[in-house]
Amino acid sequence: MEQTQNQAGTKQESFNHQTLRLEHVKKYYGNHGNITKAVDGISLHVDQGEFVAVMGASGSGKTTLLNCIAAIDSVTSGHIFVSGQDITAIRERNLADFRRENLGFIFQDFNLLDTLTIGENISMAQIISGASPKVIDRRVADIAGKLGISGILGKFPYEVSGGQKQRCACARAHPCPEGRKDLHRDTQRQEDEKRIFH
Ligand SMILES: Nc1ncnc2c1ncn2[C@@H]1O[C@H](COP(=O)(O)OP(=O)(O)O)[C@@H](O)[C@H]1O
Ligand SMILES: [Mg+2]
């Protein structure tokens, strides 16, 4: 991993404002005779509201870094804090819950489930999280409207365009926390959406 670029300018030092913090993160593949140092000691801060682009040549470790930040892959060493919580310390069996409630991830190749409709793909994580059908329907209608895919919710991935698949992947990437904290996060999320989609 050679370079990261922070496009949002100044950083605040207050830990509380850091949505993401990486400390000396390393991810090595292979064993003693044949080690690939995909990520080799990355440290960075990202504050709330910042947008960051990671750039580098093919094979330089971008996907590996993002997979570690998204808790899809484990680090070899170092620490990754998401809203102050060290995700490298979360037990394997709790990781899926953490990802679903806190992280949104849009895959380069969509990763939609072919046997589910666009609407079902978007709502699946929310169903797993235990949200009520009424809440799920409202959220799906809301985000589908914002992304311009309301008309294709009943179609299957093979029946829609690449751009529509990507919008479905964006809609599905919404974290889906439950309970009281939902109210605050929904408000924050709607503010973020306004900035991104309008
Ligand atoms: N699962 C893996 N096992 C072994 N090596 C891997 C694995 N995934 C990626 N690599 C290697 O790690 C390096 C970084 O890969 P990757 O993170 O996919 O780069 P990028 O996304 O920047 O193209 C490459 O040399 C790649 O071959
Ligand atoms: Mg990649």
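Trainee: Which residues surround ligand 1?

Mentor: Ligand 1 is surrounded by Tyr29, Thr36, Ala38, Gly56, Ser58, Gly59, Ser60, Gly61, Lys62, Thr63 and Thr64. A residue counts as near a molecule or strand if its C-beta atom, placed from the backbone, lies within 6 Å of it. Keep in mind that this is a predicted model, where local features need pLDDT of at least 70 and side-chain atom pairs count only at pLDDT 80 or more, while totals for chains, interfaces and linings use all residues. Residues are numbered from 1 along each chain as its sequence is written, and chains are lettered from A and ligands numbered from 1 in the order in which they are written.

Trainee: Which elements each supply at least two residues of the shell around ligand 1?

Mentor: Strand 3 (36-47) and helix 1 (62-69) do. Helix 1 gives the most, with 3 residues. Helices (H or I, at least four residues) and strands (E, at least two) are DSSP runs, numbered from the N terminus.

Trainee: How do the residues of the shell around ligand 1 divide into nonpolar, polar and charged?

Mentor: There are 2 nonpolar, 8 polar and 1 charged. Ala, Val, Leu, Ile, Met, Phe, Trp, Tyr, Cys and Pro count as nonpolar, Asp, Glu, Lys and Arg as charged, and the others, Gly among them, as polar.

Trainee: Now the whole fold, please. How many helices and strands does the protein chain have?

Mentor: The protein chain has 6 helices and 6 strands. Along the sequence they follow the pattern β-β-β-β-α-β-β-α-α-α-α-α.

Trainee: What makes helix 3 oblique to helix 4?

Mentor: Two packed helices are described by the angle between their axes and the distance between the axes. Helix 3 (residues 118-129) and helix 4 (residues 133-147) pack at about 135°, with axes 10 Å apart. That angle makes helix 3 oblique to helix 4. Angles under 35 degrees count as roughly parallel, over 145 as roughly antiparallel, 65 to 115 as roughly perpendicular and the rest as oblique. The axes are lines fitted to C-alpha atoms, for helices over the stretch in contact, and angles run from 0 to 180 degrees between N-to-C directions.

Trainee: Which residues make the contact of helix 3 with helix 4?

Mentor: Helix 3 brings Gly119, Ile122, Ser123, Gln126 and Ile127, and helix 4 brings Ile136, Arg139, Val140 and Ala144. They divide into 5 nonpolar, 3 polar and 1 charged. Two residues are in contact if their C-beta atoms, placed from the backbone, lie within 7 Å.

Trainee: Why are helix 4 and helix 5 described as oblique to each other?

Mentor: Their axes come within 10 Å and cross at roughly 140°. Helix 4 and helix 5 are therefore oblique to each other. Ile143, Ala144 and Leu147 in helix 4 meet Arg167, Cys170 and Ala171 in helix 5. This contact divides into 5 nonpolar, no polar and 1 charged.

Trainee: How is helix 3 oriented to helix 5, roughly parallel or roughly antiparallel?

Mentor: The axes of helix 3 and helix 5 come within 8 Å and cross at roughly 20°. That makes helix 3 roughly parallel to helix 5. Ile118, Asn121, Ile122 and Ala125 in helix 3 meet Cys168, Ala171 and Arg172 in helix 5. Here the division is 5 nonpolar, 1 polar and 1 charged.

Trainee: Which residues of helix 5 are buried?

Mentor: In helix 5 (residues 162-172) they are Lys165, Arg167, Cys168, Ala169, Ala171 and Arg172. These buried residues pack against helix 3 and helix 4. A residue is buried if 20 or more other C-beta atoms lie within 10 Å of its own, exposed if 12 or fewer, and partly exposed in between, with C-beta atoms placed from the backbone. Of the 198 residues of the protein chain, 19% count as buried.

Trainee: Why does Pro175 count as partly exposed?

Mentor: Pro175 has 17 C-beta neighbours inside 10 Å, so it counts as partly exposed. Pro175 sits in the loop between helix 5 and helix 6 (181-197). Its C-alpha atom and that of Asn102, 73 residues apart along the chain, are separated by 5.4 Å. Leaving out residues up to four places away in sequence, Pro175 touches Arg100, Glu101, Asn102, Leu103 and Gly104.

Trainee: And what makes Val54 partly exposed?

Mentor: Val54 has 18 C-beta neighbours inside 10 Å, so Val54 counts as partly exposed too. Val54 is in strand 4 (residues 52-55).
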